[in-house]
Amino acid sequence: MPHDVTLIATIAASFVLAFVFGFLANRVGLPPLVGYLVAGVAMGPFTPGFVADAGLAGQLAEIGVILLMFGVGLHFSLADLLAVRWVAIPGALGQIGIATAMGTGVAMLFGWSFGGSLVLGLSLSVASTVVLLRALEDRNAVATPSGRIAVGWLIVEDLAMVLALVLLPAFAELLGGRVDAAHATGDHGLAFTLGVTLAKVAAFIAVVMIVGPRVLPWILRQVARTGSRELFTLSVLAMAVGIAFGSAALFGVSFALGAFFAGVVLSESDLSHRAAANSLPLQDAFAVLFFVSVGMLFDPNVLVQEPWMVASVLGLILIGKSLVALAIVLLLGYPISAALTASAALAQIGEFSFILAGLGVSYQLLPATGLSIVLAGALLSITLNPLVFALVDGLIAFVRSRPRLAGRLEQARAARFDRLEAELERARQKLEEKAAAHRSLSPQELVERFPLFSGLSAEQREALVFQFHPRPAEPGERIIRTGDKADAVYFISSGEVEVSVKGRRVRLGPGDFFGEMALLSGERRSADVTALSYTQLLALTQRDFRAFLRRFPDIRQHIVERANQRSEMDRAGAGPDGAEQPA
Ligand code: CMP
């Protein structure tokens with residue numbers, strides 16, 4: 001070949017083989033995902049024929065994970081995460097603890113060292129985000145409370161694994177492994193390393209949650225205004241991949257976590273649906289590469305050499321972990337259907353497991369076969385996952401068909417589930433309200449909301465919409481402060497504000513305006529104005545307002561009259577304007 005085309009060859013082979021095997025799998029009634037894994041095995045180094053570049057495939061798969069987690073973030077909000085925290089945190093930590101202990105025990109029975117057994121146990125304790133999401137998507141369950149629980153649970157697991165990955169080098173020598181200079185933690189000791197890691201993760205979350213909401217939705221809105229679809233898609237991709245990479249480089253968190261938080265931040269924007277739709281095709285394509293790259297690493301020989309070990313590992317993933325998850329969710333008082341769904345969703349292992357096992361091998365904690373065993377466990381558990389779900393569906397149907405069983409395990413526990421559902425619903429509504437407050441008006445809507453402008457021609461309305469600056473305000477936000485210099489007048493498009501002057505309070509709602517008095521008189525602001533709910537204001541700058549009044553004398557007269565009424569009322573200290581309430 002004329003020049004190096006390894007990357008293209010890898011992508012081409014992955015897509016073509018994944019498509020062929022995925023299609024075949026579908027024909028014989030298996031999920032396409034099994035076909036992707038087989039495609040990977042076919043192009044891996046352990047089977048004859050074409051061998052693709054595993055390193056490149058791994059990196060491409062990483063992009064798949066980034067886009068996928070970004071997508072989850074887009075459909076997830078912080079409020080969701082908080083709503084499920086009382087299941088997700090104890091669930092994830094409990095499961096990691098118990099599953100690690102079980103895995104360690106099993107490996108030690110097979111004569112492995114404690115360090116190696118521990119790494120194996122840890123690898124088996126975390127589930128794969130990619131697999132979980134695919135399963136939930138196939139069942140249309142991402143947005144259901146059970147789906148939210150499973151995703152929240154996984155986020156906690158991911159966070160815990162970030163810690164585990166950073167701490168492994170620090171513990172490796174203690175556990176009998178060997179760490180080269182590049183990975184050594186230095187002489188600072190464990191507490192220091194732990195402290196630095198926690199501080200970095202905390203700094204990362206603080207930066208993303210504080211800076212992100214101020215900057216990212218704003219950028220997206222500016223790009224949306226250009227009207228270029230291409231630029232919009234590009235900006236979404238740039239944010240997803242850029243933030244994932246940047247947060248990994250700066251804060252040492254995983255790509256997946258960085259991308260997830262980028263998505264969460266953007267989910268607060270009203271453009272999030274468009275962002276999700278634009279990144280979906282790429283997400284799908286790269287997620288396929290994830291499965292192909294898993295298949296490529298797999299050495300089928302391990303099935304012959306270590307059949308018992310593989311079987312035990314698989315049993316632990318499918319049965320051990322499921323029972324632990326089931327027990328935890330039931331103990332927390334949720335209905336059995338939620339518990340079963342969560343345990344099925346988590347009865348597999350994936351990306352974090354390979355990374356951990358790979359690291360274990362490089363520190364000489366885990367024997368080389370350890371990685372193969374983990375891979376075998378992943379491959380088999382991922383393939384069998386649809387079956388596990390089918391089994392769970394059967395179990396749920398069985399319970400529901402027995403009135404006494406259903407009463408004890410479902411209905412009696414429904415209250416807690418309903419509460420969670422209500423909380424998730426409230427979070428969703430709040431988000432929608434907030435997103436609506438960010439939307440700017442069309443000329444048509446302008447007149448509908450502001451009868452004041454009904455005398456304008458279509459063209460004049462268009463020009464006015466253009467001059468208005470959308471200005472969202474959050475509940476409690478002070479928009480105008482008494483005594484400040486005036487720079488703009490505000491029209492309320494949605495939401496409610498409260499004017500407070502000399503201890504009296506007046507509420508103003510959609511269609512009304514405020515901030516005109518100081519602009520007309522040239523004096524300072526006469527009152528405090530505070531948003532009462534998520535409010536969308538349209539601001540007109542002083543200059544535009546003056547030009548506007550000159551052009552439309554009728555509207556000017558109306559506004560001047562209102563201003564005079566208001567100032568008289570304020571001087572008198574009483575009078576009806578809006579819904580007045582004594583302070
Ligand atoms: P301005 O003085 O520019 O800033 C504060 C605004 O509060 C003021 O303009 C009016 O728009 C508004 N405001 C003041 N008094 C009243 C009132 N009595 N009723 C309604 N709005 C008022």
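## Overall build

Of the protein's 583 residues, 49% count as buried. The model is predicted. It holds 24 helices and nine strands. Along its principal axes, the C-alpha trace spans about 90 × 70 × 60 Å.

## The nonpolar cores

In soluble globular proteins, nonpolar side chains tend to be buried together. In this model, the largest nonpolar core has 140 residues. Leu120 and Phe291 have the most contacts inside that core.

Which residues does Leu120 touch, if those up to four places away in sequence are not counted? The list is Gly103, Ala107, Trp112, Met309, Val313, Leu366, Gly370 and Val374. There is also a second, separate core, with 22 residues. Among them are Phe450, Phe468, Leu549 and Ile555.

## Helices α1 and α2

Two packed helices are described by the angle between their axes and the distance between the axes. Helix α1 covers residues 6–27, and helix α2 covers residues 32–43. Their axes come within 7 Å and cross at roughly 135°. Angles from 65 to 115 degrees count as roughly perpendicular, and those over 145 as roughly antiparallel. The crossing angle falls between these two ranges, so α1 is oblique to α2. The crossing is right-handed.

Which residues meet here? From α1 come Thr10, Ala13, Ser14, Leu17, Ala18, Phe21, Gly22 and Ala25. From α2 come Pro32, Gly35, Tyr36, Val38, Ala39, Ala42 and Met43. Sorted by type, the residues of this contact are eleven nonpolar, four polar and no charged.

## A look at Leu303

Leu303 sits in helix α13, which runs over residues 301–305. Is Leu303 buried, partly exposed or exposed? Its relative accessible area is 36%. Buried means under 20%, and exposed means over 50%. Leu303 lies in between, so it counts as partly exposed.

Leu303 has contacts beyond its neighbours within four places in sequence: Phe298, Val310, Ala376 and Leu380. Ala412 is 109 residues from Leu303 along the chain. The C-alpha atoms of Leu303 and Ala412 are separated by 45 Å.

Key:
Residues numbered from 1 in each chain as written. Predicted model: local features only at pLDDT ≥ 70, side-chain atom pairs only at ≥ 80, totals over all residues. Heavy atoms only, no water. Core = buried A, V, L, I, M, F, W, Y, C linked by side-chain atoms within 4.5 Å. Buried < 20%, exposed > 50% of the residue type's maximum accessible area, 1.4 Å probe, protein only. Contact = heavy atoms within 4.5 Å. Axes fitted to C-alpha atoms, helices over the stretch in contact; angles between N-to-C directions. Helix = DSSP H or I, 4+ residues; strand = E, 2+ residues; numbered from the N terminus. Parallel < 35°, antiparallel > 145°, perpendicular 65-115°, else oblique. Left-handed = near helix turned anticlockwise from the far one by under 90°. Nonpolar A, V, L, I, M, F, W, Y, C, P; charged D, E, K, R; others polar.
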